[in-house]
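Reader: I have a model open and want to go through a few of its residues. Can you walk me through it?

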Amino acid sequence: QAQLEESGGGSVQAGGSLRLSCSASLRTFSAYAVNWFRQAPGKERDFVAGITSGGSSTDYAESVKGRFTISRDNAERTSYLQMNNLKPEDTAVYFCLAAATVRSRDGYWGQGTQVTVSS
């Protein structure tokens, strides 16, 4: 059974917005940082955004600063990635991860959700 599940992906035109959700079945979700990564075809999986367990601190890749916002609702065991002003280069499969720290790649991964941005 998947511990994390992403949703909200889809196809949008450049300049549009999407909100991704990461729903957790982990009973200890509130103890974990949540990181979002993305992987474009033929490329490595790159860090996008992260949020600490309590939500007090966030971190972003330079390429998405000012456009993406990460948040979480521990009562709902869900993290969100609000993506605005999307660009074709944002096209990728987006994954969420429950980890010990922000930017860590070790932990519980979701299956991913496809985001496609057309010009």
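Reader: How do E7 and E8 pair?

Author: E7 and E8 are antiparallel, paired over six bridges. Strands here are DSSP runs of at least two residues, numbered from the N terminus, and two of them pair if DSSP finds at least two bridges between them. This is a predicted model, where local features need pLDDT of at least 70 and side-chain atom pairs count only at pLDDT 80 or more, while totals for chains, interfaces and linings use all residues. Residues are numbered from 1 along each chain as its sequence is written, and side-chain values use heavy atoms, with hydrogens and water left out.

Reader: What lies between E7 and E8?

Author: Four residues, in a hairpin. Arg 77 in the turn has a positive phi of about 50°.

Reader: Which residues of E7 are on its covered face, and which on the uncovered one?

Author: Phe 68, Ile 70 and Arg 72 are on the covered face. Thr 69, Ser 71 and Asp 73 are on the uncovered one. In a regular strand the side chains alternate between the two faces of the sheet.

Reader: Arg 72, then. Buried or exposed, and what is the nearest side chain of opposite charge?

Author: Arg 72 is buried (under 20% relative accessible area, with a 1.4 Å probe and protein chains only).

Reader: What does the side chain of Arg 72 reach?

Author: The backbone oxygen of Phe 29, at 3.1 Å. The Arg 72 side chain also has a polar contact of 2.7 Å with that of Asn 74. A polar contact is a pair of N or O atoms within 3.5 Å; within protein, one must be able to donate a hydrogen and the other to accept it, and residues adjacent in sequence count only if both atoms are side-chain atoms.

Reader: Other end of the strand. What stands opposite Phe 68 in E8?

Author: Met 83. Both Phe 68 and Met 83 are among the residues with the most contacts inside the largest nonpolar core, which has 27 residues. Such a core is a set of buried Ala, Val, Leu, Ile, Met, Phe, Trp, Tyr and Cys residues joined through side-chain atoms within 4.5 Å.

Reader: Switching to Arg 38. Where is it?

Author: In strand E4. Arg 38 counts as buried because its relative accessible area is 13%.

Reader: Which side chains does Arg 38 make polar contacts with?

Author: Asp 90 is one, at 2.9 Å. Tyr 94 is another, also at 2.9 Å.

Note on methods: Buried < 20%, exposed > 50% of the residue type's maximum accessible area, 1.4 Å probe, protein only. Lys, Arg positive; Asp, Glu negative; His and termini not counted. Salt bridge = Lys/Arg side-chain N within 4 Å of Asp/Glu carboxyl O.
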